[in-house]
Amino acid sequence: MAHSTASSSAPAHLQHHFVDSDQQFESSKMGMWIFLVTEILFFGGLFAAYIVYRAWYPDLYVQASTQLDTFWGAVNTAVLIGSSLTVAMAIRSAQLNQIKGLIINLYITIGLAFTFMVIKYFEYVHKFEKGIFPGQYYTYEGIAHEKANIFFSIYYMMTGLHGLHVIIGIGLMIWLLVKAKKGAFSAEYYTPVEITGLYWHLVDVIWIFLFPLLYLID
Amino acid sequence: METSALKRLQVQRFKPEENPEIHYLNSERGLWSWLSTVDHKRIGLMYLASIAIFFFIGGVLALVLRTELLSPAQSFLDADVYNQVFTLHGAIMIFFFLVPSVPAALGNFILPIQLGAKDVAFPRLNLASFYIYTIGTVFTLVAIITGAVDTGWTFYTPYSTETGTNVLLMTLGIFILGFSSILTGVNFIVTIHKMRAPGMTWSKLPLNVWSLYATSIIQVLATPVLAITLLLLVMERALGIGIFDPALGGDPVLFQHFFWFYSHPAVYIMIVPGFGVISEVISTFSRKHIFGYWAIALSSLAIAFIGFLVWGHHMFTAGQSSLASMVFSFLTFLVGIPTGIKIFNWLATMYKGSIDLKAPMLYAMVFLFLFTIGGFTGIMLGALSVDIHLHDTYFVVAHFHYVMMGGMVMALLAGLHYWWPKMFGKMYSEVYARISCALIFIGFNLAFLPQFVMGAQGMPRRYFNYIDQFQPFHQLSTMGAYIMGVGFVIMFFYLLHSLVRGEKAASNPWGSRALEWQTTSPAAPHNFEHTPVVIHGPYDYHKPMSEFQLGIAHGHHGESHQPETLETVAETGTRP
Amino acid sequence: MSGHHISSAKFLWGIGFALFVLTFITVAVTWMHIPAPWNVVVAIGLAAIKATIVAAFFMNLYWDSKYNLMLLVMSFVFFFLMIGITLLDTLFRNDPVPAF
Ligand SMILES: [Cu+2]
């Protein structure tokens, strides 16, 4: 893959088919934004299912959400917002050529993402113990609504897919960390940090909507 | 943001070299150089080969179906096998052939050249999306071999969650294909925005690029919904989540909403890029400026948008509320407006043009004829009351074959014959091309016109046997299918002959003004040996050819890439 | 270029703090038991404000090319089209889930 360039003036990160670094940076960022559009519509399908069923069975949602722990949901919201902040700080560090700050912020972000997953894990286990499984495996009898299994199918799909995105995000952060330690990033070139950051913020935004929709139906 | 400052560029004329010694096909050699290539032209050809294989498989399956239908009673397929064969025919033709056909195969090859770019914005992502496509096909092929699927290509629940066949692997395969489609869309949108040559403003974009832009938008907006739908279906089978399963309290009609939110726009993923090809071909072979440039360009975007509002016309008899049916029926009629705008602009382009009926133009004519029939019958089906009668009959089958095969496949063939010299640097036999075009046209109408009649008389689709009264129609239809088959076999051989011993093609065999014809045939490894500079639109036939071959001598970096408004000093000298 | 906006650390911390406060408010309003449907409106409204803040100042859309902003807006427009038109069916059926 002949991506190195023959021209002497061009920086090493610049691929041959771009004219300059700005064009390359702007292209990557636009590409990421378009990808985020697909993510929004991907989750959009689940939100649509959520809304359709909520419009049909408002009682179901009120009853079923009592099984979700608002406290831990709020903690997880704070954790993800915190990680968004550290990602923003990581990008800032890269822009200012502070590679050490970049690495530290990436470490904190990964730590917060793990915290989120651990809390999510305990929430899941707690429900499984009660027999709250998705769909046909649902055995819990504490909710007096015949469609309770449907609510939890939607709950597991939404939080499960969101969790999957968090895990993918952790993978991306680790990859950034490895590259940062090798000195791949600088104030001139930090595109991967920037666009991974965009992805991470979107994961945060999706959770910002999931939290009131699932946990805060009083 | 684009700068509006006028910039003076010193340009010179670059006449494309004839019979170049080094081009993209021979600049690197060996199988590995193909499998690891990031060159959009080679990736385009690899897609082309893949879709050709799947078109062949899907076509053979179609002939098998038609052969079974020669006689009213069962002949050699039993009901279950028949169900599997039509499911495979539909799924392969739609997901493996039509969706990637013009965007991924022709589009990949031609889009960056038409923009004057060296490559798409993300070449490695482009290669990755080809391999994702390959992985998706492997999943599906495994699904076919280990127990075919019998749900129809629509995978309607609850049958698809209950049938014992291999729905899981098949839907996973199509889920993966969706990623490939999304990545191609992302790549094209960014390429069109960021990679245009100096002077290539939005008002000078070839209409093919506008079409690919509209298509990419649909791919990006619709495909994720298919992904989540199929994922929910997979989960339905694997975990019994029940969102679509009435036995568990779910709603199967919701599945149809989600499915058609993708699949109706998806028919525009399949047809809109065809519109682009037709615009190019009609202008080139009429030797005339395209009539209504902006009308054609913007109607593509209008179709893309309206296409998202009409999906419920597939569900008129599925139990959706009558309010929704009425709204969907009304919105469906709106699609006719931008489509009609296109047809009339193409006709106006040909009016008083010097029309040259070469093979690509012949296919474009066939397209106009067949697609118009397909479009009008679509309006009929969109009418609520008529659809109640025609729903799930052969009328629907005939309608979408007129649109998909009569529209998109003809546009693909027009494009293939149009850009063939640019792809391989060889010409094909014009005589055989015309014979095969005629056979396909006759065969197609023979195959599908009778289906309108028997559909209106009540012959339901997806049945392997039928009452005697329909036999003459089915026999005509089968005959037509065979004639089409012969047409495609002839095409295969003359194209093969062209590859092996075809005449060398000139750099611009059609005398087009478009940018892709101002480079060598086959194209240079990086499309152009210089940085092209554009001062006229691609359809300005009233301007001399020399003003379309301008550029700045090559340097890897350092030129301005932003399309400025140019004040060009055209220096028509010789090559340096 | 517009894409290289650098925010000050103080500013980013301020945004983070605002988001924490809004999260607290989101939880706190549920203690007031606002009657339906206004509880949903308030909850989604607050979430939308938070999401806008993240998009504008963490994702830098405030300083970025307008096209990227349009992309985000369009994705929500199309989501609303999807759910809006689907509701035309599901809300106006005789039976919520027809018996099969
Ligand atoms: Cu449709």
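This is a predicted model: local features need pLDDT of at least 70, side-chain atom pairs count only at pLDDT 80 or more; totals for chains, interfaces and linings use all residues.
**Entry 1**

I began with charged pairs, and between chain A and chain B I counted zero salt bridges. For my own reference, a salt bridge is a side-chain nitrogen of Lys or Arg within 4 Å of a carboxyl oxygen of Asp or Glu.

Residues are numbered from 1 along each chain as its sequence is written, chains are lettered from A and ligands numbered from 1 in the order in which they are written, and side-chain values use heavy atoms, with hydrogens and water left out.

Next I looked up who takes part: 43 residues of chain A and 44 residues of chain B are in the contact, where contact means heavy atoms within 4.5 Å. Together the two chains bury about 3700 Å², with 73% of it on carbon and sulfur atoms. Buried area is the accessible area (1.4 Å probe) that two parts lose on being put together, summed over both. Of the area that chain A buries against chain B, 15% comes from His16(A), His17(A) and Val19(A), more than from any other three residues.

**Entry 2: chain A beside chain C**

Here I found 49 residues from chain A and 50 residues from chain C in the contact. About 4300 Å² is buried between chain A and chain C, and carbon and sulfur atoms give 78% of that.

How many salt bridges are there between chain A and chain C? I counted one. It joins the side chains of Asp64(C) and Lys29(A), at 3.1 Å from N to O. Over all chains, the structure holds eight salt bridges. The pair crosses between chains: Asp64(C) sits in the loop between α2 (38-58) and α3 (66-90) of chain C, and Lys29(A) is in helix α1 (residues 21-56) of chain A.

**Entry 3: chain A by itself**

I listed six helices and zero strands for chain A. Helices (H or I, at least four residues) and strands (E, at least two) are DSSP runs, numbered from the N terminus. The C-alpha atoms of chain A fill a box of roughly 75 × 30 × 25 Å along the principal axes.

**Entry 4: helix α3 of chain B and its partners**

I then followed helix α3 (residues 79-115) of chain B, which packs with helix α8 (residues 252-286) of chain B at about 40°, their axes 10 Å apart. Axes are lines fitted to C-alpha atoms, for helices over the stretch in contact, and angles run from 0 to 180 degrees between N-to-C directions. The helices α3(B) and α8(B) are therefore oblique to each other; angles under 35 degrees count as roughly parallel, over 145 as roughly antiparallel, 65 to 115 as roughly perpendicular and the rest as oblique. Residues making this contact include Phe95(B) and Leu98(B) of α3(B), with Ile269(B) and Met270(B) of α8(B).

I also checked α3(B) against helix α7 (residues 207-239) of chain B, and they pack at about 135° with axes 11 Å apart. That makes α3(B) oblique to α7(B). Among the residues in this contact are Phe95(B) and Gly107(B) of α3(B), and Leu212(B) and Thr215(B) of α7(B).
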